[in-house]
Amino acid sequence: MGKRVALVLAGCGVFDGSEIHEASAALVHLSRAGAEVKMFAPNIEQKDVVDHLKGHPSKEKRNVLVESARLARGNIQDLAELRVDEFDAIVFPGGFGVAKNLCSWAEEGKDCTVNELVKSTLEAFHSAKKPLGLCCISPVLAAKVFPGCEVTVGHNNNVDGRFLTAAAIEALGCKHICKDVKEAHVDFTNKIITTCAFMCKAPLHEIFDGIGAMIAELLKLA
């Protein structure tokens, strides 16, 4: 029998929601491994709505659950309905929606707050000793909720957002592990598996492979 995995979305689109390629890659790898996947998103208003063609915010208002339904082809539930005892593991794709809608990292960095429902969901899986898979910017959720954990957002010697993110993760009392885009890091103590995905500038197939490595390790621990 395949593993039962919950996948949490944060909208639809890299600049204000979930990164579509990352979500799709996770779903493909889970499908190939025979996992049974159900998707969830919080029923909240988005922090902002970004015109992805022009690259700047618009005046629209959108709902995270409604927008996530685009990615889920309509087959999605309110995160409030997720029950940890019905799943073996949980996955969070990246995208700015994680840093804007699931927490306030985009504005406040290490001083951010995590959405209470997202936080309680993470804590429930962690307490049940069920693995958590997080990619791209999503590892900051673990860093904020679980002080002392180990995560990766790639290499920490780059003069871009990764360096700042890695430094903020370390400032939270966590350990940042340098990893290549095709690799995943496993924190066996906390059962947290992370990969950098689009935090690194790499070909799409390498990002796809890195997410595959994360999913493979996740399912081993599930």
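Visitor: Quick one to start. Where does Thr-195 lie?

Guide: Thr-195 lies in strand β11. Keep in mind that this is a predicted model.

Visitor: Is Thr-195 buried or exposed?

Guide: Thr-195 is buried. Its relative accessible area is 1%, and buried means under 20%.

Visitor: What does its side chain reach?

Guide: The side chain of Thr-195 reaches the backbone oxygen of Glu-183, at 2.6 Å.

Visitor: And which residues does Thr-195 touch?

Guide: Leave out residues up to four places away in sequence. Then Thr-195 touches Leu-134, Cys-135, Cys-136, Thr-152, Val-181, Glu-183, Ala-184, Gly-210, Ile-211 and Met-214.

Visitor: What about the rest of β11? Which way do the residues point?

Guide: Ile-192 and Thr-194 point one way from β11. Ile-193 and Thr-195 point the other way. All four of these residues are buried.

Visitor: How many bridges join β7 to β11?

Guide: Four bridges join them, and the two strands run parallel. Look at Gly-133 for an example: its bridge partner in β11 is Ile-193.

Visitor: Which way does β10 run against β11?

Guide: Strand β10, residues 185-187, runs antiparallel to β11, with three bridges between them. Here Val-186 stands opposite Ile-193.

Visitor: What sits between β10 and β11?

Guide: The two strands form a hairpin with four residues between them. Lys-191 takes a positive phi near 55° in this hairpin.

Visitor: Which other residues have a positive phi?

Guide: Among them are Arg-73, at about 55°, and Ala-197, at about 50°.

Visitor: Where are they found?

Guide: Arg-73 is in the loop between α2 and β5. Ala-197 is in the loop between β11 and α8.

Visitor: Buried or exposed?

Guide: Arg-73 counts as exposed, at 80% relative accessibility. Ala-197 counts as buried, at 0%.

Visitor: Let's move to α8. How many residues does it have?

Guide: Helix α8 has 18 residues, 204-221. From its first C-alpha to its last it reaches 26 Å, close to the 26 Å expected at 1.5 Å a residue.

Visitor: Which residues of α8 are buried?

Guide: Ile-207, Gly-210, Ile-211, Gly-212, Met-214, Ile-215, Leu-218 and Leu-219 are buried.

Visitor: Why do residues three or four places apart point the same way in a helix?

Guide: An α-helix has 3.6 residues a turn, so residues three or four places apart point the same way. Now look at Ile-207, Ile-211, Ile-215 and Leu-219 in the buried list of α8.

Visitor: What covers those buried residues?

Guide: The cover includes β1, α1, β6, β7 and β11.

Visitor: Which residues have the most contacts inside the largest nonpolar core?

Guide: Leu-9, Phe-92, Leu-141, Ile-211 and Ile-215 have the most contacts there. This core has 69 residues. Helix α8 gives the most to it, with six residues. In soluble globular proteins, nonpolar side chains tend to be buried together.

Visitor: New topic. Which way do β1 and β2 run?

Guide: They run parallel, joined by five bridges. The chain crosses from β1 through α1 to β2, and this β-α-β crossover is right-handed. In β2, Met-39 is the bridge partner of Leu-7.

Visitor: How does β2 pair with β5?

Guide: β2 and β5 pair in the parallel sense, over three bridges. Asp-78 in β5 is the bridge partner of Ala-41.

Visitor: Last one. What is Glu-67 in contact with?

Guide: Glu-67 is in contact with Gly-11, Cys-12, Gln-46 and Arg-62, leaving aside neighbours within four places in sequence. Its place is in helix α2. Glu-67 counts as buried, at 7% relative accessibility.

Conventions: Residues numbered from 1 in each chain as written. Predicted model: local features only at pLDDT ≥ 70, side-chain atom pairs only at ≥ 80, totals over all residues. Heavy atoms only, no water. Expected span 1.5 Å × (residues − 1). Buried < 20%, exposed > 50% of the residue type's maximum accessible area, 1.4 Å probe, protein only. Contact = heavy atoms within 4.5 Å. Polar contact = N/O pair within 3.5 Å; in protein donor to acceptor, adjacent residues only side chain to side chain. Core = buried A, V, L, I, M, F, W, Y, C linked by side-chain atoms within 4.5 Å. Pairing = 2+ DSSP bridges. Right-handed = clockwise from strand over helix to strand, strands pointing away.
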